[in-house]
Amino acid sequence: MRSSHPRSAAVAALVATALATGLLAGTAGAAEGVVSADPIRIHDIQGTTRTSPLNGKPVAGVEGIVTGVRTFGSRGFWIQDPDADDNPATSEGIFVFTGSAPTVAVGDAVKVSGTVGEYVPGGVNSGNQSVTQIAKPTVAVVSSGNALPEAVSVNEYSVPAAYAPAGDPAAGNSINGLTLEPSRYALDYYESLEGMNVKIGTSRVVGATDPYSEMWVTVKGWENTARRGGTLYGSYESQNTGRLQVQQLTPVAQQPFPVANVGDKLTGTTEGPLDFNQFGGYTLVARTLGTVKAGTLAPEKTKPQAANELAVATYNVENLDPTDPQTKFDNLAKAVVENLASPDILALEEIQDDNGAKNDGTVSAEQTLTKFTAAIAAAGGPAYQWRSISPENDKDGGEPGGNIRQVFLFNPARVSFTERAPGDAVTATGVTTENGKAALTHSPGRIDPANPAWTDSRKPLAGEFVFKGKTVFVIANHFSSKGGDEGLTSVHQPPVRSSEAKRLLQAQAVNGFVKQLLAADKHASVLAVGDINDFEFSGTAQALEDGGALFSAIKSLPKAERYSYVYQGNAQVLDQILVSPGVKNYAYDSVHINAEFSAQNSDHDPQVLRFRP
């Protein structure tokens, strides 16, 4: 509970003037010369729901102490009323949007007049919650050097275990109109502190420093802990309430943002206003930033395959093209050799054409692949050969002009590729039989490329390999992205995941093709690999696994090791290797070399599976 405080006569007089001039809603009072309306306080503006009861209304003389000043991005400052009400649902802080560099300083006592608004970072269609703010302000500094309101401690005891209330079905599952219950739901708790001065103590880093000078920490060190220090997103109900994004108010030109990896500690006190932004929701914008204490996390190295084991891997190399620095090629190549132990078959995603994002009709990736395989050989790896199918220009999504595609690299000293009437971008491969065994009609070939499921998306690449006399089918996939999905902090609860519909159709297409292979040979060794862009518990994964045709092998790992990507502090699965029943006694490894680190060669961790066909 927050304590109440008597209002001053001076403030009452100010509000009376404002009322008389029409700046505030209300009347000047029923009795002559008497002001019946209370002065507008920050908690009156914030209200008990996510949107202000004064939205769109002018206000005058709103008092507060400046707790933070932002001179870049969304420029403005935060003020907080040091005299709180007794309602825990009403925030005592608010952002004042100036649009230009503010002229106030932390510790100033100010009176602000302006218009109350609800700003939605990313726009209304993003599904993001809004930030209550005062815009077009007129600011009067009353005094300077004042003590700041005591920061609210955000910790494992204060943040509720439940993530969010269910949205109102009558309002499209929006939570905007619901009265905040900050002791019951984490999102309500954070919203009740919007714009207020908050602090965290020593906290574990669960999302590495990114190029935008931000990191993620958790105030609940025990919550769904990953083996290497992250926080696992293991189900749609495991949103991880303790996650909090951290930025700093000081421009990085004046004070570089600290570099942190997952598992490091942000020690001491980190304190500042609680903001809400487009990329992650609730964010502690630090006026005082703690100190990063580095951990011991190191990139993993997988176990080399035995002589009689086939190692199949998948790796999203994040828009690799010849215009990238040689260091990117060298670092990716070194990872293939040293961290992945030179797998026998390596399915790559996001190989771009020979001039990258230059959109001039180029679709060949020969130069990209020549440069990459040469870098692998120079790093001590095998002389990989490759098979791929160039897409139609600008038909497979991704960066415009880049023409990303999947590619098979294979080590000819260990495995052979069975070439069968190689297909093109528009020709569908099929299933036939040869000597009583399943075979592809086109190898390499694309699966059902005319299917609308693959519009503006990567078509699966199927290939037939032979290892020690045994045929192995590999399907390299890169399903549609999650672009368009609402974030976990969405105003809609549960959030709208609109991108799933397309991936579901894609999964059904791949599953249907695998069923054709198994119909021809129920013992066939089939591996569907790649960037599935969805979780191992998702409807996409279930559709791939339908009828027992495939099994997502990452689920053979302990739960604490099931992740290939870190997004907003949640360690999660996007990259998968799925196996048919004929693939037995395998060893699986999600090789953590990128996602947990600030310095990345890709934002994905590669996956490796070893088995004896």
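## Salt bridges and a cavity

The side chains of Arg70 and Asp275 meet in a salt bridge, with 2.9 Å from N to O; the term stands for a side-chain nitrogen of Lys or Arg within 4 Å of a carboxyl oxygen of Asp or Glu. Because Arg70 lies in strand E1 (residues 58-70) and Asp275 in strand E12 (residues 270-277), the pair ties together parts that are 205 residues apart in sequence. Strands here are DSSP runs of at least two residues, numbered from the N terminus. This is a predicted model, in which local features need pLDDT of at least 70 and side-chain atom pairs count only at pLDDT 80 or more, while totals for chains, interfaces and linings use all residues. Residues are numbered from 1 along each chain as its sequence is written, and side-chain values use heavy atoms, without hydrogens and water.

The whole structure holds 22 salt bridges, including these:

| Pair | Closest N to O |
|---|---|
| Arg184 and Glu181 | 3.5 Å |
| Arg420 and Glu464 | 2.8 Å |

Arg70 and Asp275 are both buried, as are Arg420 and Glu464, whereas Arg184 is partly exposed with a relative accessible area of 47% (buried means under 20%, exposed over 50%, partly exposed in between, with a 1.4 Å probe and protein chains only). A network of salt bridges links Arg227, Arg228, Glu300, Glu561 and Glu596.

The lining of the largest cavity includes Asp396, Arg405, Arg446 and Lys459, and its residues divide into 2 nonpolar, 1 polar and 4 charged. A cavity is a set of points on a 1 Å grid over the protein atoms alone where a 1.4 Å probe fits but cannot get out, and lining residues have an atom within 4 Å of a point.

Conventions. On a 1 Å grid over the protein atoms alone, a cavity is a set of points where a 1.4 Å probe fits but cannot get out, and a pocket is an open set with protein on both sides within 12 Å along at least five of seven lines; lining residues have an atom within 4 Å of a point. Ala, Val, Leu, Ile, Met, Phe, Trp, Tyr, Cys and Pro count as nonpolar, Asp, Glu, Lys and Arg as charged, and the others, Gly among them, as polar. Helices (H or I, at least four residues) and strands (E, at least two) are DSSP runs, numbered from the N terminus.
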